[in-house]
Amino acid sequence: KIKIREKLFGKYKGNKNPSWKGGKWRYIKRQVKIRDNYTCQICGLRDEEIMDVDHIRPKSKNPDLLNSLDNLVTLCPNCHRRKTLREYKDNVYA
């Protein structure tokens, strides 16, 4: 099974994959979580396993801030969802 998988998908690993975005995102997310001590910056919940990283300014409107640590914040899933819904209601993405 492994040889078949490697044969089929091996040529699409890393930067050869059409969806490749530079390989930095996982590293950057970890740095943000460490900086924020795995603590939600809105409600104060601390849990290393469930924390999300969110863009303060939407990446769709600010692509230059995509990987900027200053534009990223650690949020718990509930606060992340609420923040995103609030931004949609306020037409931040429009």
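**View 1. The largest nonpolar core has six members: Cys40, Met51, Val73, Leu75, Cys76 and Cys79.** A nonpolar core here is a set of buried Ala, Val, Leu, Ile, Met, Phe, Trp, Tyr and Cys residues joined through side-chain atoms within 4.5 Å; buried is under 20% relative accessible area and exposed over 50%, with partly exposed in between (1.4 Å probe, protein chains only). This is a predicted model, so local features need pLDDT of at least 70 and side-chain atom pairs 80 or more, while totals for chains, interfaces and linings use all residues. Residues are numbered from 1 along each chain as its sequence is written, and side-chain values use heavy atoms, leaving out hydrogens and water.

**View 2. Zero disulfides (cysteine sulfur pairs within 2.5 Å) turn up in the whole structure.** Cys40 is in none, with the nearest cysteine sulfur, on Cys43, 3.7 Å away. Cys79 is in none either, and its nearest cysteine sulfur, on Cys76, sits 3.5 Å away. Cys40 counts as buried because its relative accessibility is 3%; Cys79, at 6%, is buried too.

**View 3. Here are the contacts of Leu75 (heavy atoms within 4.5 Å).** Setting aside neighbours within four places in sequence, Leu75 touches Cys40, Gln41, Ile42, Met51, Asp52, Asp54, His80 and Lys83.

**View 4. Helix 2 (residues 25-35) buries Ile28, Val32 and Lys33.** Down the helix axis, these fall within an arc of 135° (taken from the directions from axis to C-beta atoms), so they line one face. Exposed Arg26, Tyr27 and Arg30 are on the face turned away from that buried side. Cover for the buried residues includes strand 1 (52-55) and strand 2 (72-75). Helices (H or I, at least four residues) and strands (E, at least two) are DSSP runs numbered from the N terminus.
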